Amino acid sequence: MEHVLAPHASSPPGPRPAPAPLRPGRRLAAWAAGLLVAVPTMVTGCRLLDSDALTPVPQALSFLPWLTLPALLAALLALAARRRLLAGWAVLVLAGTAWFTLPYGPDTTTARGPVVERLRVLAANVEFGEATTALTEAVRRERPRIVYVSECDRACAGALTSALATALPHRTVVDGEGSTGSLILSAHPLTPRPPIPAAMGMPGATARIGGRDVELRLAHPLPPVPGQVGLWKSELGRVEDFAAAHRDSGPVLLAGDFNASQDHASFRAVLDAGRLHDAARLAGAARTPTWPRELSVPPFVQIDHVLVSDDFRVRGVRFLDLAGSDHRAVLADLDLHAGR
């Protein structure tokens, strides 16, 4: 007799068991990781989208290189909590933040022809004139040929003009008190030009250097403090307009306290509009901080810049501490070329 074995009836699949709840320590680590990665995610996302957005993004962008630390800690805590999705997100944000800390823009200019002039340029914020004496000493010691001075009130302008009359006899000034006054001193003849409209002085001039006309402008837009981010963007937009208008018109030196770093879209727009280069970036010092000094924390962001057109090559950049100022001054050694 042939026996036929009937298949065993399989029992219907039941619901999968719920994952074991996180232990209290892991739950705390997961929550901490989520909180730590939130700000780097927001800031790096805006950097990726090329946007300064609204408060608190412009302020947080000043800390972008430092945001790798909470992103790294978030990744480690997420791994400890065994939250793989959260850990992956934190690693992705960490990689993006680290990538954006790289210097922005080309690492050289396209200057052509022989060198027609070697010059030294100094850009300094003297903080309501408090660092006037220190700046005078620095100019006598370093012997720059062009000096950009922000927050130089009437007393500051008078003192610098008098003390440096022999070495730097030419000047253009926006007369004002407190932070509204600014000054450009030059060893080369100057033809004054209209300042860039702004709440704080942004004077300009054309200098005759090495047989070439060089456009000089001092940049000092309002800082991006809460409540005036729109004004900060607007004034940087006017600096961008200046850069764009002189993109192909000859040598340009645009320097000062920009109240913006390479991580701000509004500052990168200035560089791109005028095909300008940050001298510190060309000298390998794009992340050397210039602000704030004289506080309980060390300087953490570079907002003082010397920008040059393709007519220049940068031989070196140094940063000077001036007693009385909350900014470090930028000293750039440049070669002006004859052009094509």
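Asp-248 counts as exposed because its relative accessibility is 64%, where exposed means over 50% relative accessible area, buried under 20% and partly exposed in between, found with a 1.4 Å probe on protein chains only. This is a predicted model, in which local features need pLDDT of at least 70 and side-chain atom pairs count only at pLDDT 80 or more, while totals for chains, interfaces and linings use all residues. Residues are numbered from 1 along each chain as its sequence is written, and side-chain values use heavy atoms, with hydrogens and water left out.

Asp-248 forms a salt bridge with Arg-275, their closest N and O atoms being 2.6 Å apart; the term means a side-chain nitrogen of Lys or Arg within 4 Å of a carboxyl oxygen of Asp or Glu. Asp-248 lies in the loop between α7 (229-245) and β8 (252-257), and Arg-275 in the loop between α8 (265-274) and β9 (277-278), so the pair ties together parts that are 27 residues apart in sequence. Arg-275, at 36% relative accessibility, counts as partly exposed.

Another salt bridge joins Arg-217 to Glu-215, with 3.2 Å between the closest N and O atoms, and here both Arg-217 and Glu-215 are buried. By this rule the count comes to 18 salt bridges.

Turning to a helix, α4 has among its buried residues Ala-87, Val-93 and Phe-100, helices being DSSP runs of H or I with at least four residues and strands runs of E with at least two, numbered from the N terminus. The buried residues of α4 pack against α1 (24-48) and α3 (68-80), where contact means heavy atoms within 4.5 Å.
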